[in-house]
Amino acid sequence: MNAPTLSIEGLAVAVRTPEGGARRVVDDVSFDIAPGKMVALVGESGSGKTMIGRSVLKLLPPVARTEAGRILFKGTELVAASDAQMRRVRGREIGMVFQEPMVSLNPALTVGFQMMEALRLHHRVTEAEARRQALEMLERVKIVDPHGCFRAYPHQYSGGMRQRIMLASVLVMRPALLIADEPTTALDAIIQKEVMDIMSELTRDIGTAVLLVSHDLGMVASYADEVVMLRHGKVVEKGATQEILLAPRHEYTRMLLESLPTRAVSGGRPEVAGDNLVEVDKVSVEFRKKPRFFWQRSERFRAVDGASLTLRKGETLALVGESGSGKTTIGRALVRLVEESDGRIRFEGREVTAFDARSLAAYRLQTQMVFQDPFSSLDPRMTLAAIVAEGLRTLPGLSRAERDTRARAMLAEVGLPGDYGDRNPHELSGGQRQRVSIARAIVATPKLLVADEPVSALDVTVQKQILTLFSALQAKFGFSYLFISHDLGVVEQIADRVVVMYRGHIVEQGTRDQVYDSPHHPYTLRLLAATPRIARAGGSGYRLVRHEAAQAAAPQGFDYFSGGGAPVMHEVAPGHIVALKAA
Amino acid sequence: MSWRSLWRRPNAIVGGLLLLVMIGAAIVGVLYTPYDPVANDLATRLKPPSPAHWLGTDEWGRDVLSRLLFGAGVSMTISSFTVLAAVAVGTLLGAAAGYFGGWFERVAMALLDALLAFPSLIMALGMMAVFGPSRTGVIAALTLAYMPSVARVVRGSVLSVREKEYVEASRVMGNSEPFTMFRHVLPNCVAPIIVLATALFGWALLAESALSFLGLGVPPPASSWGGMLSDSRNYVGQAPWLALVPGISISLTLLGINLFGDALRDQFDPRMKNL
């Protein structure tokens, strides 16, 4: 075997605490990466995985310090290296791709300039040569028009494209090591797969070793050669991906894998469905784009285009789709945060659009929403009891003391008993905050709960707890549940029925088993194929499941609908509807 | 968030003490001064500090300590009223513009921008020229000069807070728009308002002295700190205490206000509770 590109021995990183002490966030971590191999650092938030990636480049935050251990990069010790030595290594020999593609490229410079900058600095090539290499690399990351991209600015590209450009500008240096910190976490499933495919192919070609930092076990299992499992800064186990993730020995790894959403837990209960609670009838929502000059007419943009769906009493309906598909907009129209421009929404048979202020207030008591970001959905100045009690404010005939009592009881119900009511949101973890958000939403016992990506910001173990809590509360209070998510794993676990959206249109809907087991629309298939999952495989083992259902042919005379005009809704099985258009 | 825990902050204690001394001086100045602050006594002009005149006398032989105490009241009233009025009007305008948006925002912001485009002192000068020198005139002019910057700052932070999910959550719960604004949006904009208000207090003190210097502020012979400072300029060489006494008083007041403002800002932010 070749000498490893990167060899970390007994690394320890400590963070200064506000009390003046020091806390070890990385403790005695050792692993090697061979040239051309991909090693994944896996763990929940707070496991120290990002700190390890950063300590290799000596880009630790000011409060953190490397306390012990050695980092050998191609035989050179980096822990004791001077700043001047590090500058020669960074960029040229070790490249880094960050999580947030929107902020990691400089918006004021063209893509080409940013790519050539490092080439000319480190490799001292001529401008023409730098241009040639940059263009070649843009081509290899499958940018459609490399010459155009070279002259363009980062804001002209979507997140996925930017991440490819980022990858190109790092790999054009042909670094010996690439550190990728959650490189696809902010991207949609299909784009996630594209970026990862390009990354693993290119690095293998160039012979770059990759240190992948990720929390996504399915993705790690599909791409990484080796896995280092971390918990509280310590290595739990490490070894070949096959062994660690598919035949785990350590209790913690098993616990993580058990927390992954699975199908059988709940959901998929077509029998729970009662009468229709909500009917969304050919609803469109239009937004105006701000014109460039005030005398121009504002352009209109249809976020939702003629969508129809029903939500029955007591069921869980999932809306899935990529960002920009309009799934959030439908949820926001239901809770009246946006107004539909066309079509009708009926709640218990009554038309929501026609409500006057009084019936709207009554309606709002019956529909509540749980938001995605647990860090911005709670007012930082209020105590938890006050936050939850506000959900009861518009309920007539309750005294302040009664509201407080009921709020505290509901906090206990979601697992935050006792003096939690007197705390402020900043004292809580993400999962606990999401519990408060749920308590606030259901304290007035609504009939409909709209949840917009409620668990996508949480670790898998916490995610599992929240999903279990949702199911328990639904069983107890009997609300219907519109669950908006891009995470097909989570949806598979809890949804009774699934609606797939694509660019403002509903392209497929049916029961969970219909959509997951016999998907019809090509978009649904791509979505499922892009989501690798780890599933139990008899005994104590696991296997990597890639969805590869065969494409069912569209009925005679029709194609599957993919935008443009109005779709024809076709029922392929009872309750299973697919969008078509005449061929 | 209790007021008692405010006094555990060193900033609050030092700042509060300084302010207390200045306010005390202002109150004493109204009730009692060792000499008549406006009585000339040419026999004792430009005397250095002595047991008879603790802080010396000025070019008209007036007792500096008496003028300082009397001026404390004048300067502090003008500055506080200016800050209060500018913050109140500016916050309301800025919050309404930021929160409701639309044509109201466009009109209000265009007017405020026009006001901002004027150098504030020139505008205050113009107003004083129209109204004639008086305390209320100074307050009104300075309020109009400083209110637009408050409105701008408030609008900016309202715009960012407005997008938070807890504001949407409040709407989904059926709360009215004004309730949402006063309960969730404005309280989360307090920090920049306090910081700006403490800075404004200093600017107002200095602007009042500039106006007095130009003869458009507090009409003589009544004293104000700014007026004392500007009167001293011809005698700095012979009688440095004339400049030092009001100068140090202004500096200490500003220091107190700033320290206290910092402590208040931290106190209002629950995230800083244990710091």
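Start where chain B meets chain A: the two share 13 residue pairs in polar contact, both residues at pLDDT 80 or more (a polar contact is a pair of N or O atoms within 3.5 Å; within protein, one must be able to donate a hydrogen and the other to accept it, and residues adjacent in sequence count only if both atoms are side-chain atoms). You're looking at a predicted model, where local features need pLDDT of at least 70, side-chain atom pairs count only at pLDDT 80 or more, and totals for chains, interfaces and linings use all residues. Residues are numbered from 1 along each chain as its sequence is written, chains are lettered from A in the order in which they are written, and side-chain values use heavy atoms, with hydrogens and water left out.

Next, select α7 (165–172) and α8 (177–185) of chain B; each supplies at least two residues of the side that touches chain A (helices are DSSP runs of H or I, at least four residues, and strands runs of E, at least two, numbered from the N terminus). The most comes from α7(B), with 7 residues.

Now pick B:Glu168 and A:Arg332. They form a salt bridge, their closest N and O atoms 2.8 Å apart (the rule wants a side-chain nitrogen of Lys or Arg within 4 Å of a carboxyl oxygen of Asp or Glu).

Last stop: β13 of chain A, residues 316–320. 5 of its 5 residues are buried, so the strand is largely enclosed by the rest of the structure (buried means under 20% relative accessible area, with a 1.4 Å probe and protein chains only). Look on one side for A:Thr316, A:Ala318 and A:Val320, and on the other for A:Leu317 and A:Leu319.

Key. Buried < 20%, exposed > 50% of the residue type's maximum accessible area, 1.4 Å probe, protein only.
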